[in-house]
2 protein chains.
Amino acid sequence: MLKKDYRNRLLSTATLLFAERGLNGVSIRELSKAAGVSISMISYYFGGKEALYSAILKEQFSCFDYMEQIINKDSAPLAKIRDYIRWTIKRHRDNPYLLRYYTSELTNPTKYFSTIVQPTIGNAIQMLVEIVEEGISLGEFREELNPVDTVLVMAAMANYYFLSTHATEKFINHSPDRDEELLTNYMDIFTKGIVNQQEKSN
Amino acid sequence: MLKKDYRNRLLSTATLLFAERGLNGVSIRELSKAAGVSISMISYYFGGKEALYSAILKEQFSCFDYMEQIINKDSAPLAKIRDYIRWTIKRHRDNPYLLRYYTSELTNPTKYFSTIVQPTIGNAIQMLVEIVEEGISLGEFREELNPVDTVLVMAAMANYYFLSTHATEKFINHSPDRDEELLTNYMDIFTKGIVNQQEKSN
DNA sequence: GTCTATATTGCGATAGAC
DNA sequence: GTCTATCGCAATATAGAC
């Protein structure tokens, strides 16, 4: 066995278990058994259960470091928004656990929320707000839009579909095959709204 | 002291603590101390910690029983949607804990998810889907809309604003004073979309 | 590095006094 | 109904053998 083998086994097993049941829902006894590693290795490699959790949080949120790169600076604001939503959907597919940590921290924050989660999300929102403001100043978006409210609608759409999976799988197919259609439908609603302009009656 | 006094004190204290830190984040020792009641009262009144949690869940989700009544059957579909969003915002104001239980159960489901949470949410989504389908068949909404995707955008907007409060309070004022403005902004985006029809450039 | 064994603390539940 | 005391067990962490 290589030196890092057990460390990585603990990390990946813990990522799965903490995502499913939260920090307090998993004991290091169970975790070490599931990973096939001695319980003492958790303190040895990470310094304890909470430190292991914080290592996972940092890893999970590191993908936001690349958000700036996926948005083409030369695109129109609407294309940037499409890039963001497509990237968000892909992110949830590539790492199905991130959303669990994100919403778990939003709902029941641990002491790591303010140091790891909040700054990362704050940065992302800031970038999106600037895109909306750019769209407004270019005259492409309606000038009466509240940029932050608009950004939250965007983020809400892209995340809630995955967040609500357990409660909505009876109503709609959540397979990745439908992701491009989802992107189209969401961009469609976001850009045009749902009223039929031809027969607008209110 | 009346018979129901201690029972209610346990219930309200537990509702607060479980909302903040989850079922596994609170011990019945701490809970009983916070409520000023003996620890044995939890078993006496509820049958144990998990049974107390399930009683809270049922109480929290009972407000969905009245959802049908807040939607005026004679209104146009768009007005019904406005009623739903206004009711959802009010619901989060009247009971700031419901969203915690809702997202906590979606993210880290307990054994009560399938019996209490899922049926309630399923019912609500079914009703909203029917409203969108009605709007489409009346020609008021675009016929190419996917009703479920559309409903999820609606629910996403109305819930994500509150869910993300901890991460977004630096960007926007979450005071109830702004709730009517929020409703207006969200309905505005949902109905018209964000593109400026006058200078539409894509 | 990895394990076993154990120290220590805290957990949920309940018996039994009042 | 309510409390105190306690049972049995599981929690995290770590000392010490290898």
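Predicted model: local features only at pLDDT ≥ 70, side-chain atom pairs only at ≥ 80, totals over all residues.
**Group meeting: salt bridges, ring pairs and the A–B interface**

I start with a salt bridge in chain A, where the side chains of A:Arg86 and A:Glu180 meet at 3.4 Å, N to O.

A:Arg93 pairs with A:Asp179, and their closest N and O atoms are 2.7 Å apart. A:Arg93 is in helix α6 of chain A and A:Asp179 in helix α11 of chain A, 86 residues apart. Are these partners buried or exposed? A:Asp179 is buried, because its relative accessible area of 12% is under 20%. A:Arg93 has 29%, so it counts as partly exposed.

One more from chain A: A:Arg21 forms a salt bridge with A:Glu30, with 2.6 Å between the closest N and O atoms. Both ends are partly exposed, A:Arg21 at 32% and A:Glu30 at 33%. Over all chains, the count is 24 salt bridges.

Now the aromatic rings. There are 14 aromatic pairs over all chains. Take A:Phe18 and A:Tyr53: the ring centres are 5.8 Å apart and the planes stand at 75 degrees, so this pair is edge-to-face. A:Phe18 belongs to helix α1, residues 3–21, and A:Tyr53 to helix α4, residues 49–61, both of chain A, so the pair ties together parts 35 residues apart in sequence. A:Phe18 is buried at 3% relative accessible area, and A:Tyr53 is buried at 2%.

A:Phe64 and A:Trp87 make another edge-to-face pair, 5.7 Å centre to centre with 85 degrees between the planes. Here A:Phe64 lies in the loop between α4 and α5 of chain A, while A:Trp87 lies in helix α6, residues 77–94, of chain A, 23 residues apart. A:Phe64 and A:Trp87 are both buried. There is also a cluster, in which ring pairs link A:Phe18, A:Tyr53, A:Tyr101 and A:Tyr112.

On to the interface. 65 residues of chain B contact 65 residues of chain A. The buried area between the two chains is about 6000 Å², and carbon and sulfur atoms give 60% of that.

How many salt bridges are there between chain B and chain A? The count is four. One salt bridge joins the side chains of B:Arg142 and A:Asp188, at 2.8 Å from N to O. The count of residue pairs in polar contact between the chains is 25.

Several helices of chain B, among them α1, α6 and α11, each supply at least two residues of the side that touches chain A. Which helix gives the largest share of that side? α9(B) does, with 12 residues. By residue type, the side of chain B that touches chain A divides into 30 nonpolar, 23 polar and 12 charged.

B:Gln60 is in helix α4, residues 49–61, of chain B. B:Gln60 has a relative accessible area of 4%, so it counts as buried. Leaving aside neighbours within four places in sequence, B:Gln60 contacts B:Thr15, B:Asn95, B:Tyr97, B:Leu98 and B:Tyr101.

Note on methods. Residues numbered from 1 in each chain as written. Chains lettered and ligands numbered in written order. Heavy atoms only, no water. Helix = DSSP H or I, 4+ residues; strand = E, 2+ residues; numbered from the N terminus. Buried < 20%, exposed > 50% of the residue type's maximum accessible area, 1.4 Å probe, protein only. Contact = heavy atoms within 4.5 Å. Buried area = accessible area lost by both parts, 1.4 Å probe. Polar contact = N/O pair within 3.5 Å; in protein donor to acceptor, adjacent residues only side chain to side chain. Nonpolar A, V, L, I, M, F, W, Y, C, P; charged D, E, K, R; others polar. Phe/Tyr/Trp six-rings, centres within 6.5 Å; stacked < 30°, edge-to-face > 60°.
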